[in-house]
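Thank you all for making the time this morning.

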Amino acid sequence: MNLIAANWKMNKTVKEALKFFNDLNSKTDEFADNEVLICPSFLALSEISKIKHEKIKLGAQNFYFEDSGAYTGETSLLILKGFCEYVLVGHSERRSIFKEPNQLVNKKVLAALNHHFKPILCIGETGDERQKNKTNEVLSQQLKACLKGVSENQIKNLVVAYEPVWAIGTGKNATSAMAQEVHEFIREVLTDMYSQTTARQLKLLYGGSVKPDNAKDLIAQEDINGFLIGGASLEVESFVEIINAAK
Ligand code: PEP
């Protein structure tokens, strides 16, 4: 089963989010057999979680790794407990705008797993790094640093999202062949870090300008097990088209 995840970022008022969610929730009978996940803002997450949603899972876009304390503006996993199953970690916008380094991403991954959330660990190279042929080196470093101390048993609850930074929100998606090549490499690194059996079981999502018209080609690749979608997840119609393209 593929995982089709929506990252709404800082979009949609609570009212708009509820309308979208109710619309989507009324269409779940039309969904192809995929796991569907929505990551709204915290406020919308709180409201949406009150709606009965058997076929749609919920996730948070961010959190802090400490349970409580003097961390003005932050939200902990203890606060999020009961509202969602998944949490995004290491999104490139958190890395570039909010300066989150791999060490912090690692603390967040460990905290999420210890609190029994499913982290979606985002990794990806910049355009400059790709041009300099550093893609594999960067991804391997990110995986090793962000997964430090994560056991083979714990990693089974984690999802990796490959999101080339140059493809996020730019309309320039990686071709399906490029994405497959990188996903295969990621699985090799995970095989070295854990085992082949475990690496094969892990879900690897692609993210970066996924649209209804490129979803079919991308999902046909052997090592692509779903998507993390920004822009195209903001409209019910395009999101449902992607869910159904990813059969
Ligand atoms: C994202 O932010 O995770 C993303 C992939 O965005 P977009 O689909 O808009 O490129």
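Let me begin with a term: a residue is called buried when its relative accessible area is under 20%, exposed when that area is over 50%, and partly exposed in between, with a 1.4 Å probe and the protein chains only taken into account. What you are looking at is a predicted model, in which local features need pLDDT of at least 70 and side-chain atom pairs count only at pLDDT 80 or more, while totals for chains, interfaces and linings use all residues. Residues are numbered from 1 along each chain as its sequence is written, and side-chain values use heavy atoms, with hydrogens and water left out.

With that settled, take serine 209, which counts as buried because its relative accessibility is 10%. Serine 209 sits in the loop between strand E7 (204–207) and H11, where helices (H or I, at least four residues) and strands (E, at least two) are DSSP runs numbered from the N terminus. The phi angle of serine 209 is near 55 degrees, a positive value in a residue other than glycine. Lysine 99 also has a phi near 55 degrees, again positive in a residue other than glycine, and lysine 99 lies in the loop between helix H4 (92–96) and helix H5 (102–114). Is lysine 99 buried or exposed? Lysine 99 counts as exposed, because its relative accessibility is 65%.

Serine 209 brings us to the ligand. The ligand is surrounded by 14 residues, of which the closest are Lys9, Glu163, Gly169, Ser209 and Gly231; to be near, a residue must have one of its heavy atoms within 4 Å. By class, this shell divides into four nonpolar, eight polar and two charged residues, on a scheme in which Ala, Val, Leu, Ile, Met, Phe, Trp, Tyr, Cys and Pro count as nonpolar, Asp, Glu, Lys and Arg as charged, and the others, Gly among them, as polar.

Next come the polar contacts, meaning pairs of N or O atoms within 3.5 Å, where within protein one atom must be able to donate a hydrogen and the other to accept it, and residues adjacent in sequence count only if both atoms are side-chain atoms. An N or O atom in the side chain of histidine 91 is 2.8 Å from an oxygen atom of the ligand, and for glutamate 163 a polar side-chain atom lies 2.7 Å from a ligand oxygen. At glycine 169 a polar backbone atom takes part, at 2.6 Å from an oxygen atom of the ligand. On its own the ligand has 290 Å² of accessible area, and the protein covers 97% of it, with areas from the Shrake-Rupley method and a 1.4 Å probe, and with only the protein chains shown counting as cover for residues.

Now to the strands. Strand E5 (residues 118–123) is mostly covered, five of its six residues being buried. E5 runs parallel to strand E4 (residues 86–89), with four bridges between them, and two strands are said to pair if DSSP finds at least two bridges. Valine 87 has proline 119 of E5 as its bridge partner. E5 is also joined by four bridges to strand E6 (residues 159–162), again in parallel, and there isoleucine 123 stands opposite tyrosine 162.

Alanine 179 belongs to helix H9 (residues 176–193) and counts as buried because its relative accessibility is 0%. Leaving aside residues up to four places away in sequence, alanine 179 touches Ala174, Tyr206, Leu218 and Ile224, contact meaning heavy atoms within 4.5 Å.

Two other helices deserve a word. Asparagine 25, in helix H1 (residues 14–25), counts as buried because its relative accessibility is 19%, and its side chain reaches the backbone oxygen of lysine 52 at 2.7 Å. Helix H12 (residues 236–245) is mostly covered, with seven of its ten residues buried. Which elements do the buried residues of H12 pack against? They pack against strand E1 (3–7), H1, strand E2 (35–39), helix H11 (212–219) and strand E8 (226–229).
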